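Me: I would like to learn how to read packing and aromatic pairs in a structure like this one. Could you take me through it step by step?

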Amino acid sequence: MQRRKRSPKPSLIILLFVALLAGCTPLAKDTGDSQEYEPVSESEFLMGTVVKLTIFDEAEEAEALFRKAFERIAEIEEKMTINDEHEKSEITRLNQEAGKGFVKLSPETFYVLEKGKYYSEISNGKYDITIGPLVKLWNIGSDEARVPGKTEIENTLSLVNYQNLLLDKEKMSARLAVPGMIVDLGSIAKGYAADETAKILKEAGIKHAIVNLGGNILVLNERPDGTPWRIGLQDPFTARGDYMGIVKLEDESLVTSGTYERYFEDGGKRYHHILNPETGYPEENSLLSVSIITKNSIDADGLSTATFLLGLEKGMQFIEGLPDTEAIFITSDKKVYVTSGISKEKFEITKEEYQLVQSGVVP
Amino acid sequence: MRLKKGDLLIVVLLVIALLSTFGGRYVKEMFLSGRMDKTAVIKIDGEIYATIPLKRSNERQEIPLSLSDGHYIRIVTEKDKIWVEESSCPDEVCVLTGKIDAPGESIVCLPNKTIILIEGTKKTDIDDISI
């Protein structure tokens, strides 16, 4: 009797397990296999930095697409660089004609220049697209970097003023009013190049990709599994590639301006590359880095420098006043401030020593 | 209690089901995981200079590279790690990056146009990094 009663039990339990497993299997496949995508990636040195493109779709002509994108970036660099032997740079020509007449530009160079002037205006000159003479004077990032003399800086400062950059949209031309002025698109052209790269990838039918221009990130849509991209935020205190938090992105750009990016040391003092157009020296405030999230990379690029120069308090107000724009500030005492649009899901700190200060609040 | 023939069949089916789902993935991970096959790729100005399989059994290997205009970079690999020991560049970002050993990690020396990256199955928590 007892035996008979028990005998159905094992098979019942086993059957239940099998049923359970059968139910589980497709689920496990969905989450498991879709993460085993095999992205293809290619890097090249362009615009004075490393450009890394990663495609997560199955793309047969990935190689040709990479080449096309790199060629496009090289073309933008050629048009907009000021470090050139390239005679083709429109910006070099504009700078050479400083104090003389208007110079005709291609629509895209005009567009980037116009954006640069716009960000100079809305930041009240804290960011200045005509910073070129100062950049050349300091030469940070090159072998010849040095601390300039006081008089040198004073003499150079008078050349930095975006209001003396005159734009004529109808004639698609620009003019620098004072001889010796230099426009430098270094703080914004990479953003434009990222946007143009994204355009090429999208036109080729690519749905999931990451464009990385020297640490400026632009993502296409979301990950192939439908979840947001997870982008690390560089820890300003540690080695390159080491992150302190993760930002989730979907069809957005994330650009960081930090003091650790480029600098040199002299007499035990560190001089970083974000120059204040009013003082002529590297900006010294409580910030170590500012990261901006926008739809287009050109905006995130220009705004990251502008916001860094505005400092924590004014920078926070500045970004809160702009639509569809968010920011993450890291200060030298390892506090992290975020704008009101950044939720806990959007940005998570992964290193304990960093402390998140309530959104949108600055002491 | 004894198992009937039917029960035995179900057990066998269950084992097969288990193996093909969890076991299969486990075996796959064993063979595909970054720990099993990691390769460091050294690129100079876009050209691949060397590819080095990174294994725990590797002995220390020094790769001194003389570049144009008197520039140089000295790369060292030991066990499954690779790093830049010395470089002629002014800021030494590459040296400061330290040792790398995980697929997806990279060391970049901009002045010397040198990239070292580790290829292999990606096993990191992030897709890329904003610098």
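Reply: Let us begin with touching: a contact means that heavy atoms lie within 4.5 Å. Please keep in mind that this is a predicted model.

Me: Which residues does A:Leu113 touch, not counting residues up to four places away in sequence?

Reply: With those close positions set aside, A:Leu113 touches A:Ile91, A:Leu94, A:Leu105, A:Leu165, A:Leu167, A:Ala174, A:Val183 and A:Leu185.

Me: Which residues touch the most other members of the largest nonpolar core?

Reply: They are A:Leu94, A:Leu113 and A:Leu185, in a core of 68 residues. Helix H9 of chain A, residues 297-320, supplies the largest share of this core, with eleven residues. Apart from it lies another core of 20 residues, which includes B:Ala50 and B:Cys94.

Me: How should I read an aromatic pair?

Reply: Two aromatic rings are described by the distance of their centres together with the angle of their planes. Over all chains, the structure holds seven such pairs. In one of them, A:Trp138 and A:Tyr271 are 5.6 Å apart centre to centre with 40° between the planes, which makes the pair tilted. This pair links helix H6 to strand S12 of chain A, the two residues being 133 residues apart.

Me: Is A:Trp138 buried or exposed, and what lies over the face of A:Tyr271?

Reply: A:Trp138 has a relative accessible area of 0%, so it is buried, and A:Tyr271, at 12%, is buried too. Over the face of A:Tyr271 lies A:Lys269, at 5.5 Å from the ring centre. A:Trp138 and A:Tyr271 also form one aromatic cluster with A:Phe264 and A:Tyr281.

Conventions:
Residues are numbered from 1 along each chain as its sequence is written. Chains are lettered from A and ligands numbered from 1 in the order in which they are written. This is a predicted model: local features need pLDDT of at least 70, side-chain atom pairs count only at pLDDT 80 or more; totals for chains, interfaces and linings use all residues. Side-chain values use heavy atoms; hydrogens and water are left out. A nonpolar core is a set of buried Ala, Val, Leu, Ile, Met, Phe, Trp, Tyr and Cys residues joined through side-chain atoms within 4.5 Å. Buried means under 20% relative accessible area, exposed over 50%, partly exposed in between (1.4 Å probe, protein chains only). Helices (H or I, at least four residues) and strands (E, at least two) are DSSP runs, numbered from the N terminus. Rings of Phe, Tyr and Trp (its six-membered ring) pair if their centres lie within 6.5 Å; planes under 30 degrees apart count as stacked, over 60 as edge-to-face and the rest as tilted. A charge sits over a ring if NZ of Lys or CZ of Arg is within 6 Å of the ring centre and within 35 degrees of the ring normal.
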